[in-house]
Amino acid sequence: MPRRSKWKRVPADNDDSDDDEPVDKVTEVQRAIEMSKSEVQRAINKTIERGDKLDDLEDKADTLQTEAQIFQRQARNVHRRMCWQNMKMKLIFLVLFAIVGVFIYFVYFHPK
């Protein structure tokens, strides 16, 4: 019975033995599996990152919606305040104009 060496045999360049084909096929399959695993892992990582980005985007959209509602409420209040201020100014000018008109009437046109 031949004795087996504990060292792996390195084939020569011109050696066309069939013993190396199963090792090459196994190595090739292992490489394909490793490549597939790395691609799947990369896809999973991208999916997780995309999910995180979507969560961040959703949070920003919610914040923007809340800020838009606050802005709309404040804009409505400012609009009402400006309308009242405008109305007050018109009334003040009307009263002043009426007082001046009455004064002019009694000073220049009213018979004594």
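**Entry 1: surface and burial**

Accessible areas here come from the Shrake-Rupley method with a 1.4 Å probe, and for residues only the protein chains shown count as cover. With that rule I looked up the whole chain: the protein chain exposes about 11,500 Å², and carbon and sulfur atoms supply 61% of that area.

I noted that this is a predicted model, in which local features need pLDDT of at least 70 and side-chain atom pairs count only at pLDDT 80 or more, while totals for chains, interfaces and linings use all residues. Residues are numbered from 1 along each chain as its sequence is written, and side-chain values use heavy atoms, with hydrogens and water left out.

Next I looked up burial (buried is under 20% relative accessible area, exposed over 50%, partly exposed in between, with a 1.4 Å probe and protein chains only). Of the 112 residues of the protein chain, 0% count as buried.

**Entry 2: helices and strands**

I took helices (H or I, at least four residues) and strands (E, at least two) as DSSP runs, numbered from the N terminus. The protein chain has one helix and zero strands. Helix α1 covers residues 20–109.

**Entry 3: salt bridge**

I searched for salt bridges (a side-chain nitrogen of Lys or Arg within 4 Å of a carboxyl oxygen of Asp or Glu). The count is one. Lysine 37 and glutamate 34 form a salt bridge, at 3.6 Å from N to O. Both residues lie in helix α1, three residues apart, about one turn of the helix. Lysine 37 is partly exposed at 48% relative accessibility, and glutamate 34 is partly exposed at 46%.

**Entry 4: patches**

Patches are made of residues with over 30% relative accessible area and no salt bridge; like charges are joined within 9 Å, and nonpolar side chains (Val, Leu, Ile, Met, Phe, Trp, Tyr) within 5 Å. For charge, Lys and Arg count as positive and Asp and Glu as negative, with His and the chain ends not counted. A charge is placed at NZ of Lys, CZ of Arg, CG of Asp or CD of Glu.

I found a negative surface patch whose members include Glu49, Asp52 and Glu58. Glutamate 58 lies in helix α1 and is partly exposed, at 49%.

I also found a nonpolar surface patch of about 960 Å², with Val100, Ile104, Tyr105 and Phe106 among its members. Isoleucine 104 lies in helix α1 and is partly exposed, at 36%.

**Entry 5: aromatic pair**

Rings of Phe, Tyr and Trp (its six-membered ring) pair if their centres lie within 6.5 Å; planes under 30 degrees apart are stacked, over 60 edge-to-face, and the rest tilted. I found one aromatic pair in the structure. Tyrosine 105 and phenylalanine 106 form this edge-to-face pair, 5.4 Å centre to centre with 70° between the planes. Tyrosine 105 is partly exposed at 42%, and phenylalanine 106 is partly exposed at 46%.
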